[in-house]
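Take a look at the model below.

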Amino acid sequence: MNHSTIVFRRANADDAQKIVSFYNFVGGETTFLSFEKDEYPLNVDEQTASIQALDGNQNNIMLMAMDGDEIAGIATISSSHKIKARHEGELGIVVARKYQGQGIGSELIRRLIEWARGNGVTTRIRLDTRTDNTDAVSLYLKFGFTVEGCCKNSTLLNGKYYDLYIMGMML
Ligand SMILES: CC(C)(COP(=O)(O)OP(=O)(O)OC[C@H]1O[C@@H](n2cnc3c(N)ncnc32)[C@H](O)[C@@H]1OP(=O)(O)O)[C@@H](O)C(=O)NCCC(=O)NCCS
C-alpha cells in the first residue's frame, strides 16, 4: 500500500469539469461501472449543481482522491431525503486503473464509513456490484459488508447476462 502522496478531500463546484471527464474516461476502462465510456449521465452544469447541493447536506458526500491536480478516484454516498429512507446511503466508488492496488479504494471507503457514522443520519450503507467483480466484493467484505441478495441478469454486456449482488452493512 502506497498512497502517501494522495490527498483526500471533498469535491467542490470548481472540480465539476474534471469530475465529468474522469467518469467519462473510467467508464471506458472497466465494464464494472453502470455506465460506459462517455456515458456518464451528468454534464458539467448538472455536475456543478449536484456538488453545490452537497453543501450542508448531512447524508450525501462526494469524496475525491487527488494526485496533485489529477483525480485518482472518487467515492460517493448518495441518500434520499425521504423520512423512511434517509438512513440508508448508497455507496459508489471508482479508482482509475493506473492508481488501483495502492490502497486508495480502501482509504476512500474507510473515510466514507467514518463520515457516515458521524453524520447523525446514516445508519446503513448499501451498494450493488457485479458478482464477478471479485476485487470489489472482497474489498466490501473486508469492511464488513455482507451479501444480502442477488439480482439475476441485471447487466447485459455483449450478449451476456451478469448478476448483481446487493451488499449492505449496518453502521
Ligand atoms: C474496486 C476498486 C474501487 C478498488 O480500488 P483500489 O484502489 O484498487 O483498492 P485497494 O488498492 O484498496 O485494494 C483493495 C483490495 O483489492 C486488491 N486489488 C484491487 N485492485 C488491484 C490491482 N489492480 N492490483 C493489485 N491488487 C488489487 C488489493 O490487493 C486489495 O486487497 P487487500 O485489501 O486484501 O490488500 C477499483 O478496483 C475500481 O475502481 N475498479 C473498477 C470500478 C469498480 O469495480 N467499482 C466498483 C463497482 S461496485
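What follows starts with the basis of the model and then moves from the strands to the ligand.

This is a predicted model, in which local features need pLDDT of at least 70, side-chain atom pairs count only at pLDDT 80 or more, and totals for chains, interfaces and linings use all residues. Residues are numbered from 1 along each chain as its sequence is written, and side-chain values use heavy atoms, with hydrogens and water left out.

Start with the strands. Helices (H or I, at least four residues) and strands (E, at least two) are DSSP runs, numbered from the N terminus. Two strands count as paired if DSSP finds at least two bridges between them. Strand β1 (residues 7-10) pairs with β2 in the antiparallel sense, over four bridges. Within that pairing, Arg 10 has Leu 63 in β2 as its bridge partner.

Strand β2 (residues 61-67) also pairs with β3, again antiparallel, over seven bridges. Met 66 stands opposite Ile 71 in β3. Asp 67 has Glu 70 in β3 as its bridge partner. The hairpin of β2 and β3 has two residues between the strands, and Gly 68 there takes a positive phi near 60 degrees.

β3 and β4 run antiparallel and are joined by seven bridges. Here Ser 78 is bridged to Glu 90 in β4.

How many residues of strand β3 are buried? Buried means under 20% relative accessible area, exposed means over 50%, and partly exposed lies in between (1.4 Å probe, protein chains only). Strand β3 (residues 70-79) has eight of its ten residues buried, so it is largely enclosed by the rest of the structure. β2 is mostly covered too, with six of its seven residues buried. In a regular strand the side chains alternate between the two faces of the sheet.

Next comes the core. A nonpolar core is a set of buried Ala, Val, Leu, Ile, Met, Phe, Trp, Tyr and Cys residues joined through side-chain atoms within 4.5 Å. The largest one holds 47 residues, of which Ile 19, Tyr 23, Ile 104, Leu 108, Tyr 140 and Phe 145 touch the most other members. Two or more residues each come from α1 (16-26), β2, β3, β4, α3, β5, α4 and β7 (160-170). The most come from α3, which gives seven. In soluble globular proteins, nonpolar side chains tend to be buried together.

Turn to the ligand. A residue is near it if one of its heavy atoms lies within 4 Å. There are 20 residues around the ligand, and Val 95, Gly 103, Gly 105, Ser 106 and Lys 142 come nearest. A backbone N or O atom of Val 95 lies 2.8 Å from a ligand oxygen atom. For a polar side-chain atom of Ser 106, the distance to an oxygen atom of the ligand is 2.5 Å. For an N or O atom in the side chain of Lys 142, it is 2.4 Å. On its own the ligand has 890 Å² of accessible area, and the protein covers 70% of it. Accessible areas come from the Shrake-Rupley method with a 1.4 Å probe; for residues, only the protein chains shown count as cover.

Which elements supply this shell? β4 (88-95), α3 (104-118), β5 (124-130) and α4 (134-142) each give two or more residues. α4 has the largest share, five residues. By type, the shell divides into eight nonpolar, nine polar and three charged residues. In this count, Ala, Val, Leu, Ile, Met, Phe, Trp, Tyr, Cys and Pro are nonpolar, Asp, Glu, Lys and Arg are charged, and the others, Gly among them, are polar.

Finally, some single residues. Most residues other than glycine have a negative phi, and most peptide bonds are trans. Asp 38 is not a glycine, yet its phi is positive, near 60 degrees. Asp 38 sits in the loop between α1 and α2 (44-52). Its relative accessibility is 55%, so Asp 38 counts as exposed. Asn 158 has a positive phi of about 50 degrees, and is not a glycine either. Asn 158 is placed in the loop between β6 (146-157) and β7. With a relative accessible area of 78%, Asn 158 is exposed.

Is Asp 163 buried or exposed? Asp 163, found in strand β7, is buried, with a relative accessible area of 18%. Its side chain makes a polar contact with the side chain of Lys 152 at 3.2 Å. A polar contact is a pair of N or O atoms within 3.5 Å; within protein, one must be able to donate a hydrogen and the other to accept it, and residues adjacent in sequence count only if both atoms are side-chain atoms.
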